[in-house]
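Open the model in a viewer and keep the selection tool at hand. The stops below go from the domains to single residues.

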Amino acid sequence: MINSVKCCTMSLVAFLSSIAYSQEPILMPGWPVAITGEATLSAPMQGLTLFDLNIDGYQEILLSFGNKIHCFDYVGNELPGWPYETGNILDNFVNSPVVGDIDGDNEPEIVCDWRNAWERHSALIALHADGSMCSGFPIDMAANGSARQLALHDLDGDSADEIIIGLYQHYPDTIRELRVYRGNGEMLPGWPVEDIFVYGIAVGDIDNDSEPEIVVGGDGWADRRYDLFAFKVDGTIVDGFPVELTLQGENLWSRGAPSLFDLEGDGFLEIAQVYYESHWPDNADYYFGVFDNHGQMIDNWPYFYSDESMTGAAVSQNTSRGDYYFAIGTFWGGNYHLVSEAGSTVPGWPFDHGDYAAGSYDQATIGDIDGDGFMDYLFNYNLAIRDSISQPWMGRIWGLNQWGEVLEYFPLWVVGTTFPGGVSLSDIDNDGIVEMAFQAVYPDSGQQIVYVYKLTGIPYEPERFPWPMSCHDPQHTNNLTFKPETGIPYDDDTGLPKRAFLKGNYPNPFNAKTTIEFGIPKSGHVNLRIYNLLGQEVATIVDGQLVAGDHSVIWDASNYSSGIYFYRLTAGGKVITKRMTLLK
(Lines give C-alpha, C1' and ligand atoms only; values in the text may rest on other atoms or scores of the structure.)
Protein backbone atom coordinates (compact mmCIF):
# COMPACT_ATOMS: atom_id res chain seq x y z
CA MET A 1 0.00 0.00 0.00
CA ILE A 2 1.06 3.59 -0.60
CA ASN A 3 1.30 5.89 2.38
CA SER A 4 1.57 9.69 2.46
CA VAL A 5 4.40 10.75 4.72
CA LYS A 6 6.45 13.85 5.44
CA CYS A 7 9.73 12.32 4.36
CA CYS A 8 11.19 9.93 1.84
CA THR A 9 13.66 7.89 3.85
CA MET A 10 15.63 8.74 6.98
CA SER A 11 18.75 9.49 4.96
CA LEU A 12 16.77 11.69 2.59
CA VAL A 13 15.21 13.57 5.52
CA ALA A 14 18.64 14.26 6.93
CA PHE A 15 19.86 15.56 3.59
CA LEU A 16 16.85 17.83 3.05
CA SER A 17 17.10 19.30 6.55
CA SER A 18 20.77 20.09 6.00
CA ILE A 19 20.12 22.29 2.99
CA ALA A 20 20.34 26.01 3.79
CA TYR A 21 17.78 27.72 1.58
CA SER A 22 19.36 31.12 2.04
CA GLN A 23 18.46 32.41 -1.40
CA GLU A 24 15.28 32.68 -3.43
CA PRO A 25 13.14 30.66 -4.04
CA ILE A 26 12.47 29.67 -0.42
CA LEU A 27 11.15 26.23 0.50
CA MET A 28 7.81 26.67 2.28
CA PRO A 29 7.18 25.34 5.81
CA GLY A 30 5.78 21.79 5.80
CA TRP A 31 7.41 20.88 2.50
CA PRO A 32 8.63 18.72 0.86
CA VAL A 33 6.04 15.98 1.26
CA ALA A 34 6.85 12.57 -0.14
CA ILE A 35 4.41 9.88 -1.18
CA THR A 36 5.95 6.47 -0.78
CA GLY A 37 4.88 3.05 -1.97
CA GLU A 38 5.09 0.37 -4.60
CA ALA A 39 4.11 2.39 -7.68
CA THR A 40 7.07 3.60 -9.71
CA LEU A 41 7.02 6.35 -12.33
CA SER A 42 3.23 6.23 -12.39
CA ALA A 43 2.55 9.96 -12.09
CA PRO A 44 0.66 11.70 -14.92
CA MET A 45 2.35 13.87 -17.54
CA GLN A 46 0.58 17.01 -16.26
CA GLY A 47 1.72 18.93 -13.20
CA LEU A 48 0.00 19.59 -9.89
CA THR A 49 -3.53 21.00 -9.81
CA LEU A 50 -4.06 24.07 -7.60
CA PHE A 51 -7.56 25.06 -6.52
CA ASP A 52 -9.28 26.63 -3.52
CA LEU A 53 -11.66 23.76 -2.79
CA ASN A 54 -12.88 25.18 0.54
CA ILE A 55 -13.27 28.77 -0.73
CA ASP A 56 -11.24 30.04 2.22
CA GLY A 57 -8.59 31.91 0.25
CA TYR A 58 -6.03 29.11 0.57
CA GLN A 59 -5.42 26.76 -2.33
CA GLU A 60 -5.28 23.01 -2.06
CA ILE A 61 -2.71 20.98 -3.97
CA LEU A 62 -4.07 17.96 -5.84
CA LEU A 63 -2.12 15.17 -7.45
CA SER A 64 -2.70 11.61 -8.56
CA PHE A 65 -0.12 8.89 -8.04
CA GLY A 66 -0.54 5.16 -8.43
CA ASN A 67 -4.06 4.25 -7.34
CA LYS A 68 -4.57 7.33 -5.14
CA ILE A 69 -5.54 10.98 -5.43
CA HIS A 70 -4.00 13.20 -2.77
CA CYS A 71 -5.18 16.58 -1.54
CA PHE A 72 -2.85 18.72 0.61
CA ASP A 73 -3.29 22.09 2.25
CA TYR A 74 -0.70 24.84 1.85
CA VAL A 75 1.43 23.58 4.75
CA GLY A 76 1.60 19.99 3.51
CA ASN A 77 -1.15 18.34 5.55
CA GLU A 78 -3.45 15.86 3.82
CA LEU A 79 -7.06 17.07 4.10
CA PRO A 80 -9.66 15.00 6.00
CA GLY A 81 -11.21 12.38 3.71
CA TRP A 82 -8.09 12.14 1.57
CA PRO A 83 -6.35 10.43 -0.10
CA TYR A 84 -8.94 8.76 -2.28
CA GLU A 85 -7.93 5.18 -3.10
CA THR A 86 -9.41 2.87 -5.74
CA GLY A 87 -8.84 -0.23 -3.62
CA ASN A 88 -6.76 -2.08 -6.21
CA ILE A 89 -2.99 -1.57 -6.20
CA LEU A 90 -2.92 -2.44 -9.92
CA ASP A 91 -5.06 0.60 -10.78
CA ASN A 92 -3.14 3.62 -12.01
CA PHE A 93 -4.43 7.16 -12.43
CA VAL A 94 -3.63 8.34 -15.94
CA ASN A 95 -4.14 12.11 -15.73
CA SER A 96 -3.79 14.83 -13.14
CA PRO A 97 -7.06 15.72 -11.42
CA VAL A 98 -9.17 18.45 -13.02
CA VAL A 99 -11.47 20.65 -10.96
CA GLY A 100 -14.77 22.27 -11.90
CA ASP A 101 -18.47 22.37 -11.08
CA ILE A 102 -19.87 19.36 -12.94
CA ASP A 103 -23.30 19.29 -11.26
CA GLY A 104 -24.13 23.00 -11.17
CA ASP A 105 -24.29 23.25 -7.38
CA ASN A 106 -21.65 26.01 -7.16
CA GLU A 107 -19.32 23.61 -5.37
CA PRO A 108 -16.12 22.24 -6.93
CA GLU A 109 -15.76 18.57 -7.90
CA ILE A 110 -12.56 16.71 -8.70
CA VAL A 111 -12.50 14.49 -11.80
CA CYS A 112 -9.88 11.94 -12.78
CA ASP A 113 -9.53 8.62 -14.59
CA TRP A 114 -7.67 5.42 -13.88
CA ARG A 115 -6.82 2.29 -15.82
CA ASN A 116 -5.79 -1.21 -14.92
CA ALA A 117 -3.55 -2.61 -17.64
CA TRP A 118 -3.52 -6.11 -16.13
CA GLU A 119 -7.28 -6.44 -15.86
CA ARG A 120 -7.83 -4.38 -19.04
CA HIS A 121 -10.37 -1.82 -17.95
CA SER A 122 -10.58 1.83 -16.90
CA ALA A 123 -12.95 4.10 -15.01
CA LEU A 124 -13.85 7.76 -14.68
CA ILE A 125 -14.44 9.12 -11.18
CA ALA A 126 -15.76 12.39 -9.74
CA LEU A 127 -15.24 13.35 -6.10
CA HIS A 128 -16.62 16.01 -3.78
CA ALA A 129 -14.21 18.30 -1.96
CA ASP A 130 -14.34 15.97 1.06
CA GLY A 131 -13.11 13.02 -1.02
CA SER A 132 -16.48 11.23 -1.28
CA MET A 133 -17.76 9.88 -4.61
CA CYS A 134 -20.28 11.93 -6.61
CA SER A 135 -23.61 10.44 -7.63
CA GLY A 136 -23.43 8.60 -10.97
CA PHE A 137 -19.76 7.71 -10.54
CA PRO A 138 -17.52 5.84 -11.02
CA ILE A 139 -18.17 5.19 -14.71
CA ASP A 140 -16.80 1.89 -16.01
CA MET A 141 -15.37 2.82 -19.42
CA ALA A 142 -14.68 -0.79 -20.44
CA ALA A 143 -11.38 0.07 -22.09
CA ASN A 144 -7.78 -0.54 -21.11
CA GLY A 145 -6.50 2.95 -21.81
CA SER A 146 -7.50 6.60 -21.76
CA ALA A 147 -6.24 9.85 -23.16
CA ARG A 148 -3.19 11.70 -21.93
CA GLN A 149 -5.49 14.51 -20.90
CA LEU A 150 -9.09 15.09 -19.87
CA ALA A 151 -10.85 18.46 -19.67
CA LEU A 152 -13.88 20.16 -18.13
CA HIS A 153 -16.02 22.87 -19.73
CA ASP A 154 -19.63 24.06 -19.67
CA LEU A 155 -20.47 23.07 -23.24
CA ASP A 156 -24.26 23.42 -23.21
CA GLY A 157 -24.63 26.57 -21.13
CA ASP A 158 -26.38 24.98 -18.13
CA SER A 159 -23.82 26.28 -15.58
CA ALA A 160 -22.40 22.79 -15.10
CA ASP A 161 -19.15 21.53 -16.61
CA GLU A 162 -19.12 18.56 -18.96
CA ILE A 163 -16.28 16.01 -18.86
CA ILE A 164 -14.29 15.51 -22.07
CA ILE A 165 -12.10 12.43 -22.39
CA GLY A 166 -10.57 10.21 -25.06
CA LEU A 167 -10.42 6.40 -24.85
CA TYR A 168 -8.38 3.77 -26.60
CA GLN A 169 -8.25 -0.02 -26.46
CA HIS A 170 -6.35 -2.47 -28.63
CA TYR A 171 -7.53 -5.75 -27.10
CA PRO A 172 -9.83 -7.62 -27.34
CA ASP A 173 -11.65 -5.07 -29.49
CA THR A 174 -10.34 -1.80 -30.88
CA ILE A 175 -11.85 1.28 -29.22
CA ARG A 176 -10.79 4.79 -30.17
CA GLU A 177 -13.31 7.39 -29.04
CA LEU A 178 -13.81 10.94 -27.86
CA ARG A 179 -16.50 11.04 -25.17
CA VAL A 180 -18.39 13.82 -23.38
CA TYR A 181 -20.16 13.07 -20.07
CA ARG A 182 -22.56 15.16 -18.03
CA GLY A 183 -22.05 15.61 -14.31
CA ASN A 184 -24.59 12.85 -13.58
CA GLY A 185 -22.50 10.31 -15.50
CA GLU A 186 -24.69 10.26 -18.63
CA MET A 187 -23.26 10.75 -22.12
CA LEU A 188 -24.08 14.05 -23.83
CA PRO A 189 -26.29 13.60 -26.96
CA GLY A 190 -24.23 13.17 -30.13
CA TRP A 191 -21.36 11.45 -28.35
CA PRO A 192 -19.12 9.49 -28.51
CA VAL A 193 -17.22 10.31 -31.70
CA GLU A 194 -15.56 7.11 -32.90
CA ASP A 195 -12.34 6.25 -34.71
CA ILE A 196 -10.20 9.02 -33.23
CA PHE A 197 -7.10 8.58 -31.11
CA VAL A 198 -6.80 11.56 -28.74
CA TYR A 199 -3.38 13.03 -27.91
CA GLY A 200 -4.67 16.24 -26.34
CA ILE A 201 -7.72 18.48 -25.91
CA ALA A 202 -8.42 22.22 -25.98
CA VAL A 203 -11.79 23.89 -25.44
CA GLY A 204 -12.96 27.34 -26.52
CA ASP A 205 -15.20 29.32 -28.85
CA ILE A 206 -12.96 29.25 -31.91
CA ASP A 207 -15.55 30.61 -34.38
CA ASN A 208 -16.99 33.36 -32.14
CA ASP A 209 -20.55 32.00 -32.24
CA SER A 210 -21.00 32.06 -28.44
CA GLU A 211 -20.76 28.26 -28.26
CA PRO A 212 -17.58 26.40 -27.32
CA GLU A 213 -15.87 23.89 -29.59
CA ILE A 214 -13.67 20.93 -28.66
CA VAL A 215 -10.34 20.93 -30.50
CA VAL A 216 -8.40 17.68 -30.55
CA GLY A 217 -4.86 16.84 -31.55
CA GLY A 218 -4.85 13.19 -32.56
CA ASP A 219 -5.26 10.89 -35.49
CA GLY A 220 -8.16 9.06 -37.02
CA TRP A 221 -10.65 8.71 -39.86
CA ALA A 222 -9.72 7.37 -43.29
CA ASP A 223 -6.72 5.26 -42.29
CA ARG A 224 -5.51 7.78 -39.68
CA ARG A 225 -4.91 10.48 -42.28
CA TYR A 226 -6.31 13.36 -40.22
CA ASP A 227 -4.54 14.95 -37.29
CA LEU A 228 -6.39 18.06 -36.08
CA PHE A 229 -10.11 18.03 -35.27
CA ALA A 230 -12.71 20.52 -34.07
CA PHE A 231 -16.16 19.42 -32.89
CA LYS A 232 -19.34 21.28 -32.02
CA VAL A 233 -21.23 20.62 -28.80
CA ASP A 234 -23.45 18.05 -30.54
CA GLY A 235 -20.45 16.05 -31.79
CA THR A 236 -20.59 17.24 -35.40
CA ILE A 237 -17.43 18.38 -37.12
CA VAL A 238 -16.68 22.11 -37.52
CA ASP A 239 -16.41 23.46 -41.07
CA GLY A 240 -12.83 23.19 -42.35
CA PHE A 241 -12.00 20.21 -40.15
CA PRO A 242 -10.53 17.65 -39.80
CA VAL A 243 -7.13 18.88 -41.02
CA GLU A 244 -4.77 16.51 -42.78
CA LEU A 245 -1.24 17.55 -41.88
CA THR A 246 1.13 16.88 -44.75
CA LEU A 247 4.49 18.15 -45.96
CA GLN A 248 5.70 17.43 -49.49
CA GLY A 249 3.19 14.62 -49.73
CA GLU A 250 4.27 12.98 -46.45
CA ASN A 251 1.69 12.42 -43.71
CA LEU A 252 2.48 14.09 -40.39
CA TRP A 253 1.31 13.22 -36.88
CA SER A 254 -0.03 15.40 -34.06
CA ARG A 255 1.86 15.43 -30.77
CA GLY A 256 0.34 16.77 -27.56
CA ALA A 257 -2.60 19.07 -26.97
CA PRO A 258 -3.56 22.05 -29.14
CA SER A 259 -3.39 25.52 -27.58
CA LEU A 260 -5.96 28.26 -28.23
CA PHE A 261 -5.37 32.02 -28.32
CA ASP A 262 -6.79 35.13 -30.02
CA LEU A 263 -4.06 36.34 -32.36
CA GLU A 264 -6.01 39.23 -33.92
CA GLY A 265 -8.09 40.20 -30.89
CA ASP A 266 -11.25 39.68 -32.95
CA GLY A 267 -12.89 36.96 -30.85
CA PHE A 268 -11.94 34.20 -33.30
CA LEU A 269 -9.42 31.81 -31.76
CA GLU A 270 -6.30 30.49 -33.45
CA ILE A 271 -5.02 26.96 -32.83
CA ALA A 272 -1.38 26.11 -32.14
CA GLN A 273 -0.35 22.48 -32.65
CA VAL A 274 2.89 20.49 -32.46
CA TYR A 275 3.27 17.70 -35.02
CA TYR A 276 6.03 15.57 -36.48
CA GLU A 277 7.23 13.50 -39.42
CA SER A 278 8.46 10.04 -38.48
CA HIS A 279 11.72 8.68 -39.91
CA TRP A 280 11.84 5.53 -37.84
CA PRO A 281 14.34 4.29 -36.69
CA ASP A 282 16.00 7.70 -37.12
CA ASN A 283 14.92 10.81 -35.19
CA ALA A 284 11.71 12.50 -36.25
CA ASP A 285 11.37 16.04 -37.65
CA TYR A 286 9.13 18.26 -35.54
CA TYR A 287 6.96 21.18 -36.60
CA PHE A 288 4.86 23.75 -34.82
CA GLY A 289 1.98 25.31 -36.72
CA VAL A 290 -0.72 27.93 -36.15
CA PHE A 291 -4.13 27.47 -37.78
CA ASP A 292 -7.16 29.73 -38.06
CA ASN A 293 -10.67 28.71 -36.97
CA HIS A 294 -11.28 27.16 -40.42
CA GLY A 295 -8.28 24.85 -40.15
CA GLN A 296 -6.08 26.86 -42.52
CA MET A 297 -2.38 27.28 -41.77
CA ILE A 298 -1.52 30.94 -41.13
CA ASP A 299 1.22 32.64 -43.18
CA ASN A 300 4.84 32.22 -42.01
CA TRP A 301 4.11 28.87 -40.39
CA PRO A 302 5.13 26.11 -39.63
CA TYR A 303 8.17 26.47 -37.43
CA PHE A 304 10.65 23.59 -37.81
CA TYR A 305 12.88 22.10 -35.09
CA SER A 306 14.78 18.83 -34.79
CA ASP A 307 14.24 18.16 -31.06
CA GLU A 308 11.46 15.78 -30.00
CA SER A 309 8.41 17.06 -28.07
CA MET A 310 5.96 15.17 -25.90
CA THR A 311 3.42 17.94 -25.24
CA GLY A 312 1.92 21.04 -26.83
CA ALA A 313 3.00 24.66 -26.51
CA ALA A 314 2.34 27.13 -23.70
CA VAL A 315 1.25 30.56 -24.94
CA SER A 316 1.75 34.08 -23.61
CA GLN A 317 1.20 37.63 -24.79
CA ASN A 318 3.65 40.49 -24.38
CA THR A 319 1.98 42.88 -21.95
CA SER A 320 3.37 46.03 -23.58
CA ARG A 321 3.40 45.23 -27.33
CA GLY A 322 0.60 42.66 -27.44
CA ASP A 323 2.46 40.10 -29.56
CA TYR A 324 2.39 36.37 -28.77
CA TYR A 325 5.08 33.88 -27.83
CA PHE A 326 5.04 30.08 -27.78
CA ALA A 327 7.20 28.04 -25.40
CA ILE A 328 7.95 24.48 -26.49
CA GLY A 329 9.61 21.94 -24.25
CA THR A 330 11.42 18.94 -25.69
CA PHE A 331 12.30 15.61 -24.11
CA TRP A 332 15.05 14.70 -26.58
CA GLY A 333 17.52 16.91 -28.39
CA GLY A 334 18.85 19.21 -25.69
CA ASN A 335 16.92 22.44 -26.44
CA TYR A 336 13.97 24.49 -25.20
CA HIS A 337 12.32 26.74 -27.78
CA LEU A 338 10.59 30.13 -27.73
CA VAL A 339 8.85 31.09 -30.97
CA SER A 340 7.39 34.47 -31.95
CA GLU A 341 3.97 34.99 -33.53
CA ALA A 342 5.81 35.51 -36.83
CA GLY A 343 6.91 31.86 -36.74
CA SER A 344 10.58 32.58 -36.02
CA THR A 345 12.94 31.80 -33.16
CA VAL A 346 13.10 34.54 -30.52
CA PRO A 347 16.65 36.01 -30.22
CA GLY A 348 18.65 34.14 -27.58
CA TRP A 349 16.71 30.93 -28.15
CA PRO A 350 16.69 27.93 -28.38
CA PHE A 351 18.21 27.30 -24.99
CA ASP A 352 20.67 24.41 -24.91
CA HIS A 353 20.58 22.81 -21.45
CA GLY A 354 23.51 20.57 -22.29
CA ASP A 355 21.95 17.09 -22.15
CA TYR A 356 20.91 15.76 -25.56
CA ALA A 357 18.97 12.82 -24.16
CA ALA A 358 16.99 14.81 -21.56
CA GLY A 359 14.40 17.54 -21.34
CA SER A 360 10.79 18.31 -20.46
CA TYR A 361 7.78 15.99 -20.56
CA ASP A 362 5.20 18.68 -19.75
CA GLN A 363 4.29 22.13 -20.99
CA ALA A 364 6.30 25.12 -19.89
CA THR A 365 4.86 27.41 -17.23
CA ILE A 366 4.82 31.13 -18.05
CA GLY A 367 4.82 34.15 -15.76
CA ASP A 368 6.85 37.12 -14.53
CA ILE A 369 9.04 35.09 -12.19
CA ASP A 370 11.64 37.79 -11.47
CA GLY A 371 9.30 40.81 -11.35
CA ASP A 372 10.87 42.74 -14.23
CA GLY A 373 7.65 43.02 -16.25
CA PHE A 374 8.67 40.45 -18.88
CA MET A 375 7.55 36.86 -19.20
CA ASP A 376 9.76 34.06 -17.90
CA TYR A 377 9.57 30.35 -18.66
CA LEU A 378 9.87 27.34 -16.34
CA PHE A 379 10.62 23.83 -17.62
CA ASN A 380 10.80 20.55 -15.76
CA TYR A 381 13.63 18.14 -16.51
CA ASN A 382 13.68 14.35 -16.77
CA LEU A 383 17.27 13.77 -15.65
CA ALA A 384 18.79 13.40 -12.18
CA ILE A 385 22.47 13.24 -11.31
CA ARG A 386 24.55 12.54 -8.23
CA ASP A 387 28.22 12.88 -7.39
CA SER A 388 28.53 9.52 -5.67
CA ILE A 389 26.44 6.57 -4.54
CA SER A 390 26.33 8.06 -1.04
CA GLN A 391 24.62 11.23 -2.31
CA PRO A 392 20.95 11.56 -3.28
CA TRP A 393 19.83 11.96 -6.85
CA MET A 394 19.39 15.64 -7.71
CA GLY A 395 17.08 17.07 -10.37
CA ARG A 396 16.31 20.60 -11.42
CA ILE A 397 13.78 23.13 -12.65
CA TRP A 398 15.02 25.43 -15.40
CA GLY A 399 14.00 29.09 -15.33
CA LEU A 400 14.66 31.24 -18.42
CA ASN A 401 13.87 34.85 -19.25
CA GLN A 402 12.52 36.34 -22.48
CA TRP A 403 16.02 36.38 -24.00
CA GLY A 404 16.89 32.77 -23.22
CA GLU A 405 19.08 33.62 -20.25
CA VAL A 406 19.01 31.53 -17.08
CA LEU A 407 17.19 33.34 -14.28
CA GLU A 408 18.91 34.09 -11.01
CA TYR A 409 18.57 31.19 -8.53
CA PHE A 410 17.97 28.78 -11.42
CA PRO A 411 18.32 26.00 -12.24
CA LEU A 412 16.63 25.14 -8.97
CA TRP A 413 18.18 21.91 -7.69
CA VAL A 414 16.02 19.49 -5.68
CA VAL A 415 16.16 15.87 -4.57
CA GLY A 416 14.61 13.67 -7.27
CA THR A 417 13.90 14.02 -10.97
CA THR A 418 11.36 16.76 -11.77
CA PHE A 419 9.45 14.30 -13.94
CA PRO A 420 6.99 13.93 -15.51
CA GLY A 421 4.72 16.89 -14.60
CA GLY A 422 5.71 20.55 -14.82
CA VAL A 423 5.48 23.57 -12.51
CA SER A 424 2.30 25.20 -11.16
CA LEU A 425 2.21 28.85 -10.06
CA SER A 426 -0.28 30.61 -7.80
CA ASP A 427 -0.73 32.39 -4.47
CA ILE A 428 -1.21 29.18 -2.54
CA ASP A 429 -1.06 30.55 1.01
CA ASN A 430 -3.09 33.74 0.37
CA ASP A 431 -0.32 36.20 1.27
CA GLY A 432 -0.18 37.91 -2.12
CA ILE A 433 3.19 36.36 -3.03
CA VAL A 434 3.76 33.79 -5.77
CA GLU A 435 4.44 30.16 -4.89
CA MET A 436 5.53 27.46 -7.29
CA ALA A 437 4.65 23.81 -6.76
CA PHE A 438 5.93 20.74 -8.55
CA GLN A 439 6.65 17.07 -7.99
CA ALA A 440 9.76 14.99 -8.41
CA VAL A 441 10.28 11.24 -8.52
CA TYR A 442 13.16 9.62 -6.65
CA PRO A 443 14.88 7.18 -9.05
CA ASP A 444 15.82 4.46 -6.55
CA SER A 445 12.40 4.14 -4.91
CA GLY A 446 9.82 5.67 -7.22
CA GLN A 447 8.65 7.99 -4.44
CA GLN A 448 6.86 11.16 -5.49
CA ILE A 449 8.22 14.21 -3.68
CA VAL A 450 6.08 17.36 -3.71
CA TYR A 451 7.79 20.74 -3.36
CA VAL A 452 6.32 24.18 -2.72
CA TYR A 453 8.60 27.23 -2.95
CA LYS A 454 7.84 30.88 -2.30
CA LEU A 455 9.17 33.38 -4.85
CA THR A 456 10.01 36.05 -2.29
CA GLY A 457 9.16 39.59 -3.31
CA ILE A 458 7.13 38.64 -6.40
CA PRO A 459 3.46 39.63 -6.08
CA TYR A 460 0.86 37.28 -7.49
CA GLU A 461 -1.29 39.12 -10.00
CA PRO A 462 -3.08 36.73 -12.40
CA GLU A 463 -2.49 38.87 -15.47
CA ARG A 464 1.27 38.51 -14.95
CA PHE A 465 1.03 34.70 -15.03
CA PRO A 466 -0.82 33.91 -18.28
CA TRP A 467 0.01 30.17 -18.40
CA PRO A 468 0.40 29.30 -14.72
CA MET A 469 0.07 25.50 -14.84
CA SER A 470 -0.05 22.52 -17.17
CA CYS A 471 -2.93 22.82 -19.67
CA HIS A 472 -3.35 26.47 -18.56
CA ASP A 473 -5.99 26.08 -15.81
CA PRO A 474 -7.54 23.59 -13.35
CA GLN A 475 -10.11 22.57 -16.01
CA HIS A 476 -7.28 21.84 -18.50
CA THR A 477 -8.80 23.83 -21.37
CA ASN A 478 -5.44 24.72 -22.99
CA ASN A 479 -7.09 28.04 -23.80
CA LEU A 480 -5.23 31.29 -23.11
CA THR A 481 -8.50 33.27 -23.20
CA PHE A 482 -10.29 31.05 -20.67
CA LYS A 483 -10.92 32.65 -17.28
CA PRO A 484 -11.66 30.08 -14.56
CA GLU A 485 -14.63 30.67 -12.30
CA THR A 486 -13.94 32.08 -8.86
CA GLY A 487 -15.51 29.05 -7.21
CA ILE A 488 -17.68 31.19 -4.93
CA PRO A 489 -20.76 29.09 -3.98
CA TYR A 490 -24.17 30.74 -3.76
CA ASP A 491 -27.38 29.40 -2.23
CA ASP A 492 -29.91 28.71 -5.00
CA ASP A 493 -32.87 29.76 -2.83
CA THR A 494 -31.56 32.92 -1.18
CA GLY A 495 -28.95 33.99 -3.74
CA LEU A 496 -26.54 34.64 -0.87
CA PRO A 497 -22.95 33.41 -0.76
CA LYS A 498 -22.53 30.24 1.27
CA ARG A 499 -19.19 31.45 2.64
CA ALA A 500 -17.42 34.74 3.16
CA PHE A 501 -15.17 35.63 0.24
CA LEU A 502 -12.74 38.35 -0.78
CA LYS A 503 -11.94 38.93 -4.44
CA GLY A 504 -8.79 40.35 -5.96
CA ASN A 505 -8.94 44.13 -6.24
CA TYR A 506 -9.21 45.74 -9.65
CA PRO A 507 -7.39 47.29 -11.27
CA ASN A 508 -4.18 45.90 -9.81
CA PRO A 509 -1.66 47.53 -9.95
CA PHE A 510 -3.66 50.75 -9.62
CA ASN A 511 -3.35 54.54 -9.45
CA ALA A 512 -4.91 55.87 -7.34
CA LYS A 513 -8.28 54.16 -6.80
CA THR A 514 -9.11 50.48 -6.75
CA THR A 515 -12.28 48.44 -6.19
CA ILE A 516 -12.50 45.66 -3.61
CA GLU A 517 -15.37 43.17 -3.74
CA PHE A 518 -16.36 40.78 -0.95
CA GLY A 519 -19.36 38.87 0.32
CA ILE A 520 -20.74 37.51 3.59
CA PRO A 521 -23.31 34.73 4.11
CA LYS A 522 -24.91 36.29 7.19
CA SER A 523 -25.48 39.83 8.42
CA GLY A 524 -22.95 40.86 11.04
CA HIS A 525 -19.93 42.93 11.94
CA VAL A 526 -17.35 43.28 9.18
CA ASN A 527 -13.84 44.76 9.16
CA LEU A 528 -11.90 45.57 5.99
CA ARG A 529 -8.53 47.10 6.75
CA ILE A 530 -5.41 48.03 4.75
CA TYR A 531 -1.87 47.23 5.93
CA ASN A 532 1.57 48.11 4.63
CA LEU A 533 4.50 45.73 4.20
CA LEU A 534 5.52 46.27 7.83
CA GLY A 535 2.14 44.99 8.99
CA GLN A 536 1.03 48.45 10.13
CA GLU A 537 -2.62 49.35 9.64
CA VAL A 538 -2.85 52.36 7.32
CA ALA A 539 -6.58 52.55 6.55
CA THR A 540 -9.94 51.15 7.65
CA ILE A 541 -12.40 50.80 4.76
CA VAL A 542 -15.22 49.01 6.58
CA ASP A 543 -15.87 48.68 10.31
CA GLY A 544 -19.49 48.01 11.16
CA GLN A 545 -22.63 46.01 10.58
CA LEU A 546 -23.37 44.82 7.01
CA VAL A 547 -26.25 42.82 5.62
CA ALA A 548 -25.63 39.42 4.05
CA GLY A 549 -24.71 39.41 0.38
CA ASP A 550 -22.16 40.86 -2.03
CA HIS A 551 -20.48 44.19 -1.32
CA SER A 552 -18.13 46.50 -3.20
CA VAL A 553 -15.99 49.37 -1.89
CA ILE A 554 -13.46 51.74 -3.43
CA TRP A 555 -10.18 52.59 -1.74
CA ASP A 556 -8.85 56.02 -2.65
CA ALA A 557 -5.09 55.83 -2.15
CA SER A 558 -4.32 59.32 -3.50
CA ASN A 559 -2.58 60.27 -0.25
CA TYR A 560 -0.53 57.08 0.03
CA SER A 561 2.90 56.33 -1.40
CA SER A 562 3.56 53.72 -4.06
CA GLY A 563 4.17 50.24 -2.79
CA ILE A 564 2.67 46.92 -1.81
CA TYR A 565 -0.32 46.82 0.52
CA PHE A 566 -2.44 44.07 2.04
CA TYR A 567 -6.20 44.22 2.53
CA ARG A 568 -7.78 41.98 5.15
CA LEU A 569 -11.43 41.01 5.55
CA THR A 570 -12.68 39.82 8.94
CA ALA A 571 -16.24 38.53 9.03
CA GLY A 572 -18.06 35.77 10.89
CA GLY A 573 -14.87 34.36 12.38
CA LYS A 574 -13.16 34.14 8.99
CA VAL A 575 -10.07 36.19 8.06
CA ILE A 576 -9.03 36.52 4.41
CA THR A 577 -6.03 38.54 3.23
CA LYS A 578 -4.98 39.59 -0.26
CA ARG A 579 -2.29 41.77 -1.75
CA MET A 580 -2.35 44.82 -4.04
CA THR A 581 0.15 47.18 -5.62
CA LEU A 582 -0.13 50.99 -5.77
CA LEU A 583 1.85 52.54 -8.63
CA LYS A 584 2.01 56.31 -9.10
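**Where the two domains meet**

Across the domain boundary, 14 residues of domain 1 are in contact with 13 residues of domain 2 (contact means heavy atoms within 4.5 Å). To colour the two parts, select 26–347 + 354–487 for domain 1 and 491–582 for domain 2; such bounds come from an automatic or database domain assignment. The model is a predicted one, in which local features need pLDDT of at least 70 and side-chain atom pairs count only at pLDDT 80 or more, while totals for chains, interfaces and linings use all residues. Residues are numbered from 1 along each chain as its sequence is written, and side-chain values use heavy atoms, with hydrogens and water left out.

The C-alpha centres of the two domains are 33 Å apart. Between them, domain 1 and domain 2 bury about 1,100 Å², of which 37% is on carbon and sulfur atoms; buried area is the accessible area (1.4 Å probe) that two parts lose on being put together, summed over both. Now select Ile 55, Asn 430 and Glu 461: these residues of domain 1 lose the most area to domain 2, together 35% of what that side buries.

Next, show β37, β38 and β41 as a cartoon. Strands here are DSSP runs of E with at least two residues, numbered from the N terminus, and two of them pair if DSSP finds at least two bridges between them. The 3 strands form an open, antiparallel sheet in the order β37-β38-β41. Which strands are at the edges? They are β37 (501–502) and β41 (549–556), each of which pairs on one side only. Strand β38 (residues 513–520) pairs with β41 over 8 bridges, in the antiparallel sense.

**Aromatic rings**

Show the side chains of Phe, Tyr and Trp. Their rings (for Trp, the six-membered one) pair if the centres lie within 6.5 Å; planes under 30 degrees apart count as stacked, over 60 as edge-to-face and the rest as tilted. How many aromatic pairs does a search of the whole structure find? The search finds 33. Go to Phe 229 and Phe 231: their ring centres are 6.0 Å apart and their planes are at 5°, so this pair is stacked. Phe 229 is buried at 0% relative accessibility, and Phe 231 is buried at 0% as well. Buried means under 20% relative accessible area, exposed over 50%, and partly exposed in between (1.4 Å probe, protein chains only).

Tyr 460 and Phe 465 are also stacked, because their ring centres are 5.4 Å apart and their planes are at 25°. Phe 465 is buried, at 2% relative accessibility. Then select Phe 261, Phe 288, Trp 301, Tyr 324 and Phe 326, which ring pairs link into a cluster.

Move to Tyr 531, where the charged end of Arg 568 sits over the ring, 4.9 Å from its centre. A charge counts as over a ring if NZ of Lys or CZ of Arg is within 6 Å of the ring centre and within 35 degrees of the ring normal.

**Two loop residues**

Cys 134 lies in the loop between β11 (121–127) and β12 (139–140). Is Cys 134 buried or exposed? Cys 134 is buried, with a relative accessible area of 5%. Among the residues that Cys 134 touches are Glu 109 and His 128.

Finish at Ser 306, in the loop between β25 (303–305) and β26 (314–317). Ser 306 is partly exposed, at 47% relative accessible area.

Definitions and conventions. Helices (H or I, at least four residues) and strands (E, at least two) are DSSP runs, numbered from the N terminus. Lists of a residue's contacts leave out its neighbours within four places in sequence.
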